[in-house]
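Please work through the exercises below with the sequence and the model at hand. Each task is followed by a stepwise solution.

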Amino acid sequence: EWNWNLMHAYLFLTSLSSLHAIRNRDEKKFANHSNKEQEYAEQLGSVAIIDKVVATIFHVLTPMTLFIDVVTWVVLVPMLLRTPGTEIMLQYMYSPVGYLQHGGNAAIMMIEMFLNRIPDSKWWSHGAVSVWNILFGIWSLAYFLLTGATIYPFLDLGHPQAWMIHISLFF
C-alpha cells in the first residue's frame with residue numbers, strides 16, 4: 001500500500017498540474033507579448049513547484065511499481081503458496097484489488113509514461129528512489145517494533161532472511 005498511496009497522490013498532483021498548465025495557457029493566449037524570445041525564456045525558467053514534485057514522484061513510482069510487481073509475483077506469491085497460514089493474504093493477492101495494486105498499477109504507470117511530457121531523468125531521481133526505499137524500510141521496521149506484526153511475511157524479523165531484506169532497502 002506504500003506505493004499505492006503514493007500513486008494516488010501522484011494522480012491527484014498531476015491533475016492539479018494539468019489544471020495549472022491549462023490556466024496558464026489560457027492566460028497567455030490573451031496576453032499581448034511583443035518579445036517572443038523573452039516569453040520563451042520566462043516559460044523555461046518558471047516551472048512550477050508542483051511540476052517538479054510531479055516529475056520527482058513519477059521518476060520514483062515508475063521503477064518502484066515495476067520492481068514491486070515483479071517481486072510480488074515472482075517472489076512473494078510463490079512464498080505465500082508454500083507458507084501455511086497465509087490463505088487470507090493469498091485471497092487478497094488474487095482479488096481484484098490485489099491484481100490492481102500489483103499489476104494494474106504498472107499498466108497505469110506505462111500509460112502515464114507514454115502520455116505525459118515529463119522528461120527522462122538521467123541521474124537526479126535515483127536519490128529520490130533511494131530515499132523512498134529508506135523511508136519504507138524505516139516505516140516497516142517501526143511498524144513491526146510497535147505492533148509486533150509485519151506488513152508482509154517476508155519482512156517478519158523472526159526469519160533469518162528478513163534482516164537481509166530490511167538492510168537491502170537502504171542500498
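The model is predicted: local features need pLDDT of at least 70, side-chain atom pairs count only at pLDDT 80 or more, and totals for chains, interfaces and linings use all residues. Residues are numbered from 1 along each chain as its sequence is written, and side-chain values use heavy atoms, with hydrogens and water left out.

**Exercise 1.** Identify the residues with the most contacts inside the largest nonpolar core.

Solution. Such a core is a set of buried Ala, Val, Leu, Ile, Met, Phe, Trp, Tyr and Cys residues joined through side-chain atoms within 4.5 Å; buried means under 20% relative accessible area with a 1.4 Å probe, protein chains only. The largest core has 14 residues, and Leu6, Tyr10, Ile57, Val60, Leu61 and Met109 have the most contacts inside it. Helices α1 (2–30), α3 (49–82) and α6 (124–147) each give two or more residues, and α3 gives the most, with six. A second, separate core of nine residues includes Leu76, Val77, Met93 and Leu155.

**Exercise 2.** Locate the bend in helix α5.

Solution. Helix α5 (residues 96–115) bends by about 45° at glycine 104. Gly104 is buried in α5, as are Gln101, His102 and Met109, among others.

Conventions
Bend = angle between axes of the 7 residues up to and from the residue. Helix = DSSP H or I, 4+ residues; strand = E, 2+ residues; numbered from the N terminus. Buried < 20%, exposed > 50% of the residue type's maximum accessible area, 1.4 Å probe, protein only.
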